[in-house]
Amino acid sequence: MTREEIIEQLIGFAALAFKADAAGISEGTNLAEELGVSSNQRITMIASIENEFDVMIPMAKFGNYKTIGDLADYIMDEM
């Protein structure tokens, strides 16, 4: 899977979890500042990522990934 494909899926997960328009989300979208910090939304996003990519993201570390691109880099490293 390419980084671009991962980003595309992450944008879909973010749109669903944060109830946002996918067209307004990109690789550089700041998760906390632009999408929100609700723990329920973050849990939804983490669950989608873990199920799709078979990687683990502890809730406490999710905040370390500032953008969609940061999450994509982490997933690429773990795959």
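Visitor: What is the relative accessible area of D73?

Guide: This is a predicted model, in which local features need pLDDT of at least 70 and side-chain atom pairs count only at pLDDT 80 or more, whereas totals for chains, interfaces and linings use all residues. Residues are numbered from 1 along each chain as its sequence is written, and side-chain values use heavy atoms, with hydrogens and water left out. Partly exposed covers what lies between buried (under 20% relative accessible area) and exposed (over 50%), with a 1.4 Å probe and protein chains only. D73 therefore counts as partly exposed, since its relative accessible area is 33%.

Visitor: With which residue does D73 form a salt bridge?

Guide: A salt bridge requires a side-chain nitrogen of Lys or Arg within 4 Å of a carboxyl oxygen of Asp or Glu. The closest N and O atoms of the pair formed by D73 are 2.7 Å apart, and the partner is R3. The pair links distant parts of the chain, 70 residues apart, with D73 in helix 5 and, in helix 1, R3.

Visitor: How far from R42 is the nearest side chain of opposite charge?

Guide: R42 lies in helix 3, a helix here being a DSSP run (H or I, at least four residues), numbered from the N terminus. Setting aside neighbours within four places in sequence, R42 is in contact (heavy atoms within 4.5 Å) with F18, A32, G36, V37, M59, F62 and G63. Lys and Arg count as positive and Asp and Glu as negative, while His and the chain ends are not counted. R42 is buried yet has no salt bridge, and the nearest side chain of opposite charge, E33, is away by 9.8 Å.

Visitor: At roughly what angle do the axes of helix 3 and helix 5 cross?

Guide: Axes are lines fitted to C-alpha atoms, for helices over the stretch in contact, and angles run from 0 to 180 degrees between N-to-C directions. M45, I49 and F53 in helix 3 meet I68, L71 and I75 in helix 5. The axes of helix 3 (residues 39-53) and helix 5 (residues 68-78) come within 12 Å, and they cross at roughly 35 degrees.

Terms used. Helix = DSSP H or I, 4+ residues; strand = E, 2+ residues; numbered from the N terminus.
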